[in-house]
Every structure is written in C-alpha cells, then in structure tokens.
Amino acid sequence: MAVATAPTALPVAKKRELGQSYWDLVKYRFKKNKLGVLGLILLIALYVSFAAIPEFIAPYQLENRSNFVEAPPTAIRFVDANGQFQAPFIYGLDRKIDTVKRLRTWEINTDRKYPLRLFVQGDEYRLFGLIPMNIHLFGIEADQKEQRIFIMGADALGRDYFTRILYGGRLSLMIGLIGQFLTLALGVTLGVISGYYGGAVDMFVQRFTEFLAAFPNIPLFMALSAAIPAFWSPIVVYFMLTLILAFLNWGGLARQVRGLILSLREREYALAAKSFGAKDRRIMFRHLMPGTMSHVIVIATLSIPGMILAETALSWLGLGLRPPLTSWGTLLQDAATVRAIRFTPWLLWVVPPILVTILTYNMLGDGLRDALDPYSGR
Amino acid sequence: MAEMAQNGKADNILLDVKGLKKYFPIQKGLLRKVVGYVKAVDDVSLYVREGETLGLVGESGCGKTTASRSIIRLYEPTAGQVLFKSRVLSPDGQPRMVNLLELDRDQMTKVRQEISMIFQDPINSLNPRMTVADIIAEPMVIHGKYEKGRSEEIIVNLLERVGLRADHLRRYPHEFSGGQRQRIGIARALALNPRLVLCDEPVSALDVSIQAQTLNLLQDLQKDFNLSYLFVAHDLSVVQHISDRVAVMYVGKVAEMASAEELYANPLHPYTEALLSAVPKPDPLYKSERIIMQGDVADPSNPPSGCYFHPRCRYAIDRCKIEAPAFRELKPDHWVACHRAEELQLKGI
Ligand SMILES: Nc1ncnc2c1ncn2[C@@H]1O[C@H](COP(=O)(O)OP(=O)(O)OP(=O)(O)O)[C@@H](O)[C@H]1O
Ligand code: SF4
Ligand SMILES: [Mg+2]
C-alpha cells in the first residue's frame with residue numbers, strides 16, 4: 001500500500017533548512033548586506049543615545065541656563081601651555097567686552113584648567129523617567145557658575161547646545177517613529193479593507209486618498225495647525241502634529257497595500273481559509289496582511305526620514321512644534337538667522353545628526369528591501 | 001455496482017445539486033457596466049451518495065472548479081439548489097437535508113465543518129507564513145474546537161496518517177515537496193472530521209509518480225473516515241479507478257452522469273464517447289480509433305445555441321442547433337443530456 005511506504009520516501013531535508021522560516025531567510029540575507037547592518041547598528045546607537053538616555057549622555061539638563069551666553073565650542077586639549085602632554089582637559093573662559101565692536105566675547109584663560117572626567121556627578125535627572133540619578137557620561141568637576149563644558153557651544157541663553165541637540169533628537173526621532181506607526185496602522189488597515197472588499201468601500205477609500213494626495217500639503221498643514229488652539233500645551237500640540245503627519249501620509253501606503261491585497265486575495269490559501277469558515281477579519285489580518293508586511297516594512301523604513309524632515313521643516317517654518325519644546329526643527333529655527341550664522345555658527349551642529357539619521361534610515365531600508373524582495377514564494 | 005444502478009437516485013444521497021448556475025459578470029468601461037456574463041456553470045445537476053466518490057470530469061475551462069466552489073459558496077451561485085444532508089444543523093443530531101444556498105452566515109459557517117475542500121495547487125493553497133501545525137489546526141481554531149494537548153494529538157495523528165512525520169509540525173510549507181504539501185492540504189481537510197470532501201484536481205499538479213500514491217492515500221482515507229468525495233479531474237483516466245460514479249461536464253453543463261462501469265462501457269453522450277476514445281488503453285494491441293473533435297471548446301461567455309456541443313458533435317442534427325437537450329435519467333442512475341441518446345450506439349471501452 002502506498003501509504004505505508006510513503007514516510008520512507010520523504011526526502012531528508014538538509015540540516016540548514018530545518019525549521020527555516022521566512023524571517024530566518026530574511027535575517028540570513030540581511031546579514032550579508034554590510035551597509036544595511038551598519039545602518040541598523042547606527043540607528044540603534046542613535047535611538048539609544050538620543051531618545052532613550054540623553055539625560056545621561058548630556059552633561060547638563062535641557063533647560064539649565066548659565067551666564068556663558070553664546071559661548072563658542074570648548075576645545076578639549078591634551079597639550080598644556082608648556083607643551084606637556086597630559087590627560088584631556090579644558091581651559092576656563094573669561095568674558096570680555098569688546099568696546100570698539102560693542103560685542104561680548106569669550107577668551108581662554110590658561111590659568112584655569114579643568115580635567116575632563118567620565119561619569120561625573122551633575123544635574124539630577126530620572127533615567128527613563130524612573131530611576132533618580134545624577135551621573136553624567138562626561139563633564140568637568142567644577143562649580144557650574146565658574147565653568148562649564150560646551151562641546152558644541154552655548155546658545156543665547158547660555159544653555160549647552162550639545163545637550164539641546166540630544167534632547168531635540170528625542171522628539172524628532174520619536175515623531176518619526178510614532179508618526180510612521182500611526183501611518184502604518186491607518187494605511188495598512190484601510191488598504192487591506194479596501195483591497196479585500198473592493199466595490200463601494202474601495203471606491204471611497206481610493207477617492208479619499210486621491211483627495212489627500214491632490215491637496216497641496218503646506219496650505220493644508222497651515223489650515224490644520226491654525227486649527228490647533230494656542231492654549232494647548234506643547235505636548236498636546238506635539239501629538240496633534242504626529243497625528244496630522246500620519247493623516248497626510250497614509251494614502252500612498254494604503255494604495256500600495258491595496259494593490260498587494262488585490263493579488264494576494266486570489267491566492268488559494270485565502271479561499272481555503274474561507275472554505276473552512278474563516279471570517280473576513282481572520283482572512284484579512286491573519287492571511288492577507290502578513291503577505292504585505294515585507295513590503296510595508298521597507299516602505300515604512302524609507303519614509304521615516306520624510307516624517308522627521310517634515311517635522312523639522314514645519315517647525316522651522318513655525319507651523320509645528322513651539323518652544324519650550326525642543327526638537328531639531330525648533331533648534332534649526334534658532335540657527336536660521338543671518339545673525340546666528342555670522343556670530344554663532346556652531347548652532348548649525350544640529351544639521352549633521354539630521355543628515356546621519358536620514359542616511360542610516362536609507363541604508364537600513366535598502367538593506368531590508370534587498371533581503372525581503374527576492375523572495376518568490378510569497 | 002449492478003445493484004446500485006438499479007436503486008435509482010433516491011437513497012442515501014448526501015449532496016444533491018440541482019440546476020446550479022454561476023455567471024460571472026463581464027464589466028467594461030469606467031462605469032463598470034455589465035456587458036455580458038461568463039456562464040462558467042450553467043445548469044449543473046448532480047448528486048453524491050454517502051461514502052461514494054463522484055468523479056467530475058471535463059476539459060479545462062468547462063467550469064469544474066467554479067461548480068465545486070459554488071457548492072460551498074466560495075462563489076455565490078447565481079441560481080439553483082445545493083441540498084446537503086447536514087448533522088450539525090439539525091437540532092436532534094439526525095441528518096437532515098438543507099439547502100446551503102438558503103443558509104445564513106452563521107449556519108453556513110457551521111456546515112463548513114462537514115464539507116471541506118482540497119485545492120488543486122499545493123503551493124498556493126497553504127499559507128507560506130504558517131507552520132504545518134498552524135495550517136492543520138486552522139479549521140479547529142476557526143470553529144473554536146482547538147484545545148491544547150488534545151488537538152495537538154489529533155494533528156500529529158492526522159499528519160502521520162497522511163504519511164508525514166510529527167517533526168514536520170514546526171516547518172513551513174516551502175520546505176516540502178509538492179506531494180508532501182498536498183498531503184498537508186489533505187490533513188487540513190480532514191481536521192474537522194468532514195463527511196464530504198470536494199477535491200479539486202488534487203493530483204493534477206503533482207508528478208505522475210506521486211499521483212498514484214496520493215490517489216491511494218485518498219482512497220484509504222475514504223474508507224477509514226467514511227468520507228464522500230466529489231473528485232474533480234480533467235481526464236477520464238484519472239478518475240477511472242477511484243470513482244464509483246462519474247459526471248462529465250461540457251461548458252458549464254453536465255452532459256452525462258452514471259456509475260463508472262456503466263459510463264465507461266456504455267456511454268450515452270457523444271462527448272463522453274470522444275473523451276473515452278482518448279483514454280490510454282491497457283492493452284497495447286487494442287487499436288481504437290481516436291475521435292478527433294473539430295473546433296474548440298465553446299466560449300462560456302458566448303455559448304452556441306441549442307446543445308452546446310453541437311458544433312463539435314459528429315451526430316448533430318438540425319434539432320440540436322435549436323433546442324437544448326434536457327438532462328434526464330434515461331436508465332436507472334444513468335443521466336444524459338442528448339437528444340439522440342436513445343438511438344445512438346456509442347462505443348465505450
Ligand atoms: N472569477 C472569475 N471571473 C470571471 N470568470 C471566471 C472566474 N473564474 C472562472 N471564470 C471563467 O469560468 C470558466 C470556468 O472556469 P473554471 O476555473 O471553473 O474551469 P475548470 O473546469 O476548473 O478549468 P481547469 O481544468 O483549467 O481548472 C472559464 O472560462 C473561466 O475563464
Ligand atoms: S444533442 Fe445533438 S449535438 Fe448535442 S450531443 Fe446529442 S447529438 Fe450531439
Ligand atoms: Mg479548475
């Protein structure tokens with residue numbers, strides 16, 4: 001009888017293939033893409049230092065003002081005035097008034113030397129909003145009135161600009177993630193529903209996304225942000241901004257997901273599930289949606305930078321976040337005056353992190369696309 | 001078999017399909033105006049008795065898949081009746097005939113425990129992102145019958161019964177050969193202990209060497225689980241040794257239906273005769289003239305008048321062009337749709 005002999009007839013699977021799921025294969029292929037892996041590592045580093053623990057990395061608290069108004073970046077030195085090589089240190093700064101130019105300037109005072117230390121005690125903070133701590137990654141052991149360290153200079157209120165960039169990254173990076181997450185939730189859900197049901201539902205969703213796409217973004221955004229009451233707290237405004245960004249962006253994703261669903265819908269496994277009595281919800285979200293995930297992940301990764309840039313651009317235009325919220329957009333707003341570029345050019349230090357973030361997201365996205373795409377048996 | 005033929009239609013019917021129609025609208029233009037219909041299934045009547053296999057045979061595109069899917073309402077039929085002797089729907093557990101097309105959603109979902117389906121394409125019919133265990137468990141999960149432990153045991157038993165091993169449970173479909181995948185599909189179809197299994201060309205995508213194995217497996221399972229099969233195939237040779245009765249379809253209609261022996265020996269429809277002439281004969285010395293049908297299969301969106309087969313039929317008379325023949329029981333349990341069925345002396349094998 002054929003049945004009895006069948007088990008021995010099974011070809012023995014190769015060891016490496018044992019239990020290899022789709023995601024195992026993706027992981028394997030992704031690891032071979034050096035740029036993608038580098039992007040992933042950099043991104044994790046970015047998110048950890050900027051979003052998770054900026055309190056620890058920054059030498060001061062975000063709003064800690066000082067008299068060192070517009071102090072230039074502090075040079076970290078290894079060689080002292082006598083040409084002696086020694087552990088890293090900084091010199092003190094003295095305020096001078098240039099009566100001719102009517103300018104406040106800062107001069108290095110080589111008499112005052114402050115060694116650079118790791119894990120110094122400083123401003124109190126709560127790590128992850130929970131654990132009370134006062135240890136900072138680096139700093140100098142000095143009275144804050146007497147001397148501070150500003151590796152990227154200080155702003156017009158004497159606040160450490162490096163600290164501000166770190167904290168600003170938290171909002172900007174998170175707005176990208178949260179906004180993209182909302183975009184995904186909206187876009188994927190509506191795309192799946194639209195593709196699966198077709199007909200009138202599809203018609204409505206598609207026309208609506210076209211409406212959104214056809215609408216010029218900036219005027220729409222101005223209208224929406226004008227609709228945000230001025231008395232709302234900045235944090236609420238922040239969430240409204242993410243919502244608005246997500247709302248403007250889901251259309252394209254929904255269209256792509258819909259297209260994928262239209263082809264997946266005809267796969268027999270969807271019919272099979274239906275033949276066993278599966279409800280629409282199960283077919284849509286258990287069977288069809290996972291088939292779009294690889295595509296969605298790539299699109300999401302590649303469009304987070306757009307979100308971050310949108311926040312930055314809108315805040316820069318004064319339409320998005322407002323002080324006292326600190327984001328890369330609001331920092332850029334401070335940096336974008338002729339006066340700032342002439343006298344405090346270090347305020348442009350906010351640009352490199354933005355560029356690096358965008359670059360790493362693109363590296364990761366490209367790596368993911370290469371790892372996810374060539375899979376044929378979707 | 002002989003006594004079965006004399007019993008006539010009446011007894012032991014599990015599935016009774018009457019006048020089933022499925023028309024797909026053809027839409028054109030921006031406004032998606034309906035300009036016509038593909039009459040994929042156009043008046044199909046057939047029945048399956050308990051514990052038997054009805055082979056449903058026809059050329060590619062004649063509507064076999066559409067018919068079987070319309071029976072369990074994967075496609076919503078345009079017209080007709082699908083009577084099924086259901087246990088789950090009767091309050092006292094006594095099997096009772098219900099018309100599936102009149103059931104509401106919840107009732108239909110319940111009936112799906114009793115009728116399951118095996119699909120033609122073993123690659124596409126299993127979700128590539130689910131493990132074998134999840135795939136076979138899915139029908140149980142859907143019907144809220146999945147219990148940890150007990151159900152896992154059932155799944156392992158099923159898997160072993162279809163010739164796979166328990167350590168295959170955590171693997172994904174792409175790790176299996178076509179034949180093995182089809183076995184997974186078979187195990188899934190049996191997960192809820194159905195009474196009727198609709199097999200849509202379950203072996204035609206497989207290697208010839210695997211086909212016989214899979215057919216044997218299906219036959220053994222039929223005995224063990226007391227299953228009835230509606231077995232779709234596109235040529236008569238595949239269904240020959242597995243079917244008790246055979247229905248031959250041509251362009252959306254059933255041309256002839258009879259017990260396998262009767263149909264092969266005494267075909268009453270010219271189309272059946274032509275198909276039979278193409279069946280390979282076991283005796284190499286036996287020379288039969290192969291009937292070459294002229295023309296192509298009719299287009300279901302624009303079928304010919306009268307008998308759909310008349311442009312290709314070598315026995316066609318004028319009446320065939322005008323009047324569609326009725327599907328009638330000419331001999332006990334032998335049904336045919338041909339005006340000249342009584343007079344023609346057709347050749348079987
Ligand atoms: N969803 C659909 N929409 C429109 N027409 C369809 C649809 N499904 C099938 N058809 C048409 O209906 C007819 C019958 O198709 P069906 O798949 O039922 O044939 P089949 O007998 O199963 O063929 P095969 O042996 O190739 O599987 C074909 O002409 C086909 O083009
Ligand atoms: S009805 Fe006429 S055309 Fe049709 S099969 Fe019979 S003889 Fe041929
Ligand atoms: Mg088919």
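## Around ligand 1

In this predicted model, an oxygen atom of ligand 1 sits 2.8 Å from a backbone N or O atom of B:G61. That is a polar contact, meaning a pair of N or O atoms within 3.5 Å. B:E201 has a polar side-chain atom 3.0 Å from a ligand 1 oxygen.

Zooming out, 14 residues surround ligand 1, and the closest are B:S60, B:G61, B:K64, B:T65 and B:T66. A residue counts here if one of its heavy atoms lies within 4 Å.

## Helices meeting in chain A

Now for chain A. Helix α10 (residues 280–316) and helix α11 (residues 328–335) have axes that come within 7 Å and cross at roughly 40°. That makes α10(A) oblique to α11(A); angles under 35 degrees count as roughly parallel, over 145 as roughly antiparallel, 65 to 115 as roughly perpendicular, and the rest as oblique. On the α10(A) side, the contact (heavy atoms within 4.5 Å) is made by A:I308, A:E311, A:T312, A:S315 and A:W316. On the α11(A) side, the residues are A:W328, A:G329, A:T330, A:L332 and A:Q333. Sort the residues of this contact and you get 4 nonpolar, 5 polar and 1 charged, with Gly counted as polar.

Helix α5 (residues 161–197) of chain A also packs on α10(A), at an angle of about 145° and with the axes 7 Å apart. The residues of that contact split into 20 nonpolar, 7 polar and 2 charged. The axes are lines fitted to C-alpha atoms over the stretch in contact, and angles run from 0 to 180 degrees between N-to-C directions. Helices are DSSP runs (H or I) of at least four residues, while strands (E) need at least two.

## Two positive phi values

Most residues other than glycine have a negative phi. A:F119, in strand β3 (residues 103–127) of chain A, has a positive phi near 55°. B:N226 is not a glycine either, and its phi is positive at about 55°. B:N226 lies in the loop between α7 (208–225) and β8 (228–233) of chain B.

## How to read this

Residues are numbered from 1 along each chain, chains are lettered from A and ligands numbered from 1, in the order written. Local features need pLDDT of at least 70 and side-chain atom pairs 80 or more, while totals for chains, interfaces and linings use all residues, and side-chain values use heavy atoms, leaving out hydrogens and water.

Conventions
A polar contact is a pair of N or O atoms within 3.5 Å; within protein, one must be able to donate a hydrogen and the other to accept it, and residues adjacent in sequence count only if both atoms are side-chain atoms.
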